[in-house]
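Student: Before we open the model, could you take me through how one reads a structure of this kind, feature by feature?

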Amino acid sequence: MLRFDRQHLTQSDTLEFVSERDAIEELSDLFVFLADHDFAGYSPTYEQLARSIAANTQLLEFVLTSASPNTRRGRIPVLFFAATHDRILANPYSEIAAMYRGDSTGNPFPPFMDLVDKEREAIVTNMRTRSVQTNEAGRSSILSLAFGRARNGVVAPTTLFEIGPSAGLNLFFDLFRIDFMREDTLLACAGPQEASVRLTCDVRGPNLPPFPADQFTPISRSGIDPNPIDVRSEDERRWLQACVCWPGIADRPQRLAAALEVARTSPPHLISGDAVTDLGQALTQIPTSEHLIVFATWALAYINAEGRQKVLATIDELGTTRDLDFITFEEPRFTSWVEPADAEVFETYLGEGTPTQLSLRSWRGGVCTTTALAIAHPHGRWIHWLEENHG
Ligand SMILES: C[S@@+](CC[C@H](N)C(=O)[O-])C[C@H]1O[C@@H](n2cnc3c(N)ncnc32)[C@H](O)[C@@H]1O
C-alpha cells in the first residue's frame, strides 16, 4: 500500500493527488501522517486519537461524509479535530473534556467516541459550516524577523496586510514579548517587557537571524479572509480555541486568550473576501506613501495551485508599480516561486512539527528578488535561519 511520505508531499500540489485510491484508505493515511509529523512529541492525546481514528473504518466513513464535498481533502482531519473539540468545549463535564484539559489520563479513544456519538449532528454542522482557523500567535516570533529583514533600509511608515488572517492575531506582533534563545542563553528580545503575550523561540542551525534593532509599529493592520473571526464574538472565539488549543500543549490556551484580548482592544480591519479574486482591489486602497508588507502564514495551503498563482500574479503586478514585500511562512510546496531549502535541513527537523519555510519576495524600483530566509516550527517554537551574513 502507498503511504504518504515527505517526498510525495513535496512533489505533489495537493493531497488529492492520490484520488484514484480508495478515499477511506487515503483519509486513514492522512491521520497517520498527522500523528507522525504534527502530533508526535507535541500533543500525545491527538497523536493517540489520530492513530485510533486511522484504524477505524466506520469512523473514517463518518468523517469523510461529514465534510462538505469542496473541503480540501488534506484538511479534513484537522477540521474534524476542531469540529469535535468545539463540542468538547461545549461539554466541559464530559470524560473526554477532562482528558483534553489534562485533569485525567487513560486511553482517550473510548470517551472520544462517546462524545462523537452524542454530538454527531453538531459535529457535521461544524464541518459543513466552519473552516480551519488555527490562528497561531506563536508565528509572530518568526514573522517579526522577516518583517525586520524586509524593512532593512525602509524609512516610510509600514502597513501590514495579511492574506488569511483568521482573527488577525499576528497583525499585533509588535505588542508581544519575544525572547530568542539558543538553548539557555537569551540572544535577543523584542516587544514590550510587560506584554501579556510572551513567546519564546529557540534559534537553531549555524546562522544567527538578523535581529531587528528596534520594533516598528505598523501604521495599519488589515487583511482578507473568506471567514474572518470576529474577536468580539464569544462563539467565534470558542471556534478559534477549538482549532488552536490542541490538548497537552500547556501554553497555547493562555497565549490565545491573551492575544485575543490584545486584538479586542483595537480590532484589525479584516475584509471578508477571497484573496484569489479580491486581493488586488484591497491592496490598491493602500497609499503608495506607505511601505507595504503583505504576508501569508499557513493560508496558501488552503488555496489551490491555480489560486496561488493568481495571488502571486496580483502581488507581482502591483510590485511593478510600487515597492512592496511579500512574506510567506508556508510549506515549500505551496510557494513554487521560492527555491526550497536544502532537503537535509528539512530532514533534520522531521518529527518536530511540519517544517515550514519563511520566504521573502521583495519588489524595489520594479526589480523583484526572492529569498528563502528560514525553516521554522509551524507555531514558531524554533527557527533555523538559512541566509548567511545578511548586512
Ligand atoms: C490555518 S488558518 C491560518 C491563520 C493565520 N494565517 C495564522 O497563521 O495564524 C488558514 C486561514 O486561511 C484562510 N483562507 C482560506 N482560503 C482563503 C482564501 N482563498 N483567501 C484568503 N484566506 C483564505 C482561512 O479562512 C483561515 O483563516
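This is a predicted model: local features need pLDDT of at least 70, side-chain atom pairs count only at pLDDT 80 or more; totals for chains, interfaces and linings use all residues.

Student: What does the secondary structure of the protein come to, and what does its C-alpha trace span along the principal axes?

Tutor: The protein comes to 14 helices and 11 strands, and its C-alpha trace spans about 60 × 50 × 40 Å along the principal axes.

Student: How does one read the radius of gyration of the protein?

Tutor: The idea is to compare the value with that of a compact globule having the same 391 residues, which would be near 21 Å; the protein has 20 Å, and therefore agrees with that expectation. Two further totals belong with this: 43% of the 391 residues count as buried, and, among contacts with a separation of 6 or more, 72% are between residues 24 or more positions apart.

Student: Which domains does the assignment give, and how far apart do their C-alpha centres lie?

Tutor: The domain assignment gives domain 1, residues 6-129, and domain 2, residues 137-385, with their C-alpha centres 26 Å apart. The contact between them takes 22 residues from domain 1 and 19 residues from domain 2.

Student: Which elements give two or more residues to the side of domain 1 that touches domain 2?

Tutor: On that side of domain 1 they are α1 (6-11), α2 (23-39), α3 (44-54) and α5 (76-90), and the largest share, four residues, comes from α5. By class, this side of domain 1 has eight nonpolar, eight polar and six charged residues. As for how such a contact is sized, the size of an interface is often given as the accessible area lost when the parts come together.

Student: Turning to strand β8, how many of its residues are buried?

Tutor: For a strand one looks at each of the two ways in which its residues point. In β8, residues 324-330, seven of seven residues are buried; L324, F326, T328 and E330 point one way, whereas D325, I327 and F329 point the other way, and all are buried.

Student: How many bridges join strand β7 to β8, and do the two run parallel or antiparallel?

Tutor: Six bridges join β7, residues 291-297, to β8, and the two strands run parallel. Within this pairing, V294 stands opposite F326 in β8.

Student: Where is D22 found, and why does D22 count as exposed?

Tutor: D22 is found in the loop between α1 and α2, and D22 counts as exposed because there are 10 C-beta neighbours inside 10 Å, where the cut-off for exposure is 12 or fewer. The C-alpha atoms of D22 and E136, which are 114 residues apart along the chain, are separated by 33 Å.

Student: Why does R72 count as partly exposed?

Tutor: R72, which lies in the loop between α4 (57-66) and α5, has 17 C-beta neighbours inside 10 Å and therefore counts as partly exposed. R72 and A301 are 229 residues apart in sequence, yet 9.5 Å apart in space, C-alpha to C-alpha.

Student: Finally, how many residues surround the ligand, and which are the closest?

Tutor: The ligand is surrounded by 24 residues, of which G164, S166, A275, T297 and Y302 are the closest. Both β5 (220-225) and α12 (275-283) supply at least two residues of this shell around the ligand, and by class the shell divides into 11 nonpolar, nine polar and four charged residues.

Terms used. Residues are numbered from 1 along each chain as its sequence is written. A residue is near a molecule or strand if its C-beta atom, placed from the backbone, lies within 6 Å of it. Ala, Val, Leu, Ile, Met, Phe, Trp, Tyr, Cys and Pro count as nonpolar, Asp, Glu, Lys and Arg as charged, and the others, Gly among them, as polar. Domain bounds come from an automatic or database domain assignment. Two residues are in contact if their C-beta atoms, placed from the backbone, lie within 7 Å. The radius of gyration is taken over C-alpha atoms; the globule rule is 2.2 Å times the number of residues to the power 0.38. A residue is buried if 20 or more other C-beta atoms lie within 10 Å of its own, exposed if 12 or fewer, and partly exposed in between; C-beta atoms are placed from the backbone. Two strands pair if DSSP finds at least two bridges between them.
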